[in-house]
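Please look over the sequence and the model below.

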Amino acid sequence: MEGKIIIVSAPSGSGKSTIIHRIMESGNVDMEFSVSATNREPRGQEVDGKDYHFLTTEDFMRGIERGDFIEYEEVYPGRFYGTLRSEVNARCAAGRNVVLDIDVKGGERVKRIFGDRAVSIFIMPPSVDELRRRLEARAVDSPESIGERVGKAEYEMTFAPKFDHVVVNDNLDKAVADTEKVILDFIGSGK
Ligand code: ADP
Ligand code: 5GP
């Protein structure tokens, strides 16, 4: 049987990476992370090939021309992110489930492409003010980048009704448990 796609989207700073990492570390869910490509610079402890495939803008554009991406978005001006076919297709064909951490537009698009083979989950922050506090506390983005992310959050939050499930990330443990339950219900089994 073909593997399934788990889409996790949210405004930046909502906690989606933290939630995905916690679920993967728990070992309760049989899914693999799709490493996206981006032309942004690595930040903090990020590792090439693990967190992202960090590409030059030129290489990213070449990837678009070659048809390497299932979808891609210019999430912030000049900064591109894309889901690579090479991260998703072979694994799904081999029956493995794949989780995508992608922006709200990409999430909506991938759900449309994969239909019932995908579940889409929107991680909702308690408020935009709390989102700003989390981005500041994460301390890896410049003040300009934080402003850009917070500025886009309200618009991104209007995408929530387009998703199959909305999980509010107020209490992290509860958000992890709620997200894990949605995924397990969808893929039909634990490990
Ligand atoms: P995203 O991947 O959506 O951009 P992150 O997972 O990096 O967001 O989370 C942003 C910051 O908020 C991180 O420093 C993370 O530790 C913190 N965080 C995540 N969830 C919560 C929560 N429920 N309460 C407080 N801080 C949180
Ligand atoms: P960050 O710079 O914080 O890692 O990511 C910024 C935004 O880009 C986040 O909303 C993240 O989910 C999104 N993103 C990461 N990978 C992809 C992708 O492959 N496609 C799309 N559309 N968005 C992505």
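## Ligand 2

In this predicted model, a polar side-chain atom of Arg40 comes to 2.7 Å from an oxygen atom of ligand 2. Arg43 also places a polar side-chain atom by an oxygen atom of ligand 2, at 3.2 Å. Asp103 contacts a nitrogen atom of ligand 2 instead: a polar side-chain atom of Asp103 lies 2.7 Å from that nitrogen.

The surroundings of ligand 2 comprise 19 residues. The closest are Ser36, Tyr52, Glu71, Tyr81 and Arg149.

## Aromatic pairs

A pair of aromatic rings is described by two things, the distance of the centres and the angle of the planes. With centres within 6.5 Å as the rule, the count is 8 aromatic pairs. One of them joins Phe60 and Phe80. The centres of these two rings are 5.7 Å apart and the planes stand at 40°, so the pair is tilted. Phe60 belongs to helix 2 (residues 57–66) and Phe80 to strand 6 (residues 79–84), so the pair ties together parts 20 residues apart in sequence. Phe60 is buried, at 0% relative accessibility. Phe80 is buried too, with a relative accessible area of 14%.

Tyr155 and Phe159 form an edge-to-face pair, because their planes are at 85°, and the cut-off for that class is over 60 degrees. Their ring centres lie 5.4 Å apart. Tyr155 is partly exposed at 42% relative accessibility, whereas Phe159 is buried at 6%.

Which residues do ring pairs link into a cluster? They are Phe60, Phe69, Tyr72 and Phe80.

## Charges over rings

The charged end of Lys162 sits over the ring of Phe159, 5.6 Å from the ring centre. Lys152 does likewise with Tyr76: its charged end sits over the Tyr76 ring, 5.4 Å from the centre.

## Nonpolar cores

How many residues does the largest nonpolar core have? It has 19. Those with the most contacts inside this core are Ile6, Ile23, Met31, Ile121, Ile123 and Ile183. Four elements each supply at least two residues of the core: strand 1 (5–9), helix 1 (16–26), strand 8 (118–124) and helix 7 (172–187). Helix 7 gives the largest share, 6 residues.

Neighbours within four places in sequence are left aside here. Ile23 is then in contact with Asn28, Val29, Met31, Val176, Thr179, Glu180 and Ile183.

Another core, of 17 residues, lies apart from the largest one. Its residues include Leu100, Val104, Met124 and Phe163.

Glu25 is found in helix 1. Is Glu25 buried or exposed? At 65% relative accessible area, Glu25 is exposed. Glu25 and Thr57 are 32 residues apart in sequence, and their C-alpha atoms are 32 Å apart in space.

Gly49 sits in the loop between strand 3 (37–38) and strand 4 (53–54). Its relative accessible area is 37%, so Gly49 counts as partly exposed. Gly49 and Gly15 are 34 residues apart along the chain, with 21 Å between their C-alpha atoms.

Definitions and conventions:
Residues are numbered from 1 along each chain as its sequence is written. Chains are lettered from A and ligands numbered from 1 in the order in which they are written. This is a predicted model: local features need pLDDT of at least 70, side-chain atom pairs count only at pLDDT 80 or more; totals for chains, interfaces and linings use all residues. Side-chain values use heavy atoms; hydrogens and water are left out. Rings of Phe, Tyr and Trp (its six-membered ring) pair if their centres lie within 6.5 Å; planes under 30 degrees apart count as stacked, over 60 as edge-to-face and the rest as tilted. Buried means under 20% relative accessible area, exposed over 50%, partly exposed in between (1.4 Å probe, protein chains only). A charge sits over a ring if NZ of Lys or CZ of Arg is within 6 Å of the ring centre and within 35 degrees of the ring normal. A nonpolar core is a set of buried Ala, Val, Leu, Ile, Met, Phe, Trp, Tyr and Cys residues joined through side-chain atoms within 4.5 Å. Contact means heavy atoms within 4.5 Å. A residue is near a molecule or strand if one of its heavy atoms lies within 4 Å of it. A polar contact is a pair of N or O atoms within 3.5 Å; within protein, one must be able to donate a hydrogen and the other to accept it, and residues adjacent in sequence count only if both atoms are side-chain atoms.
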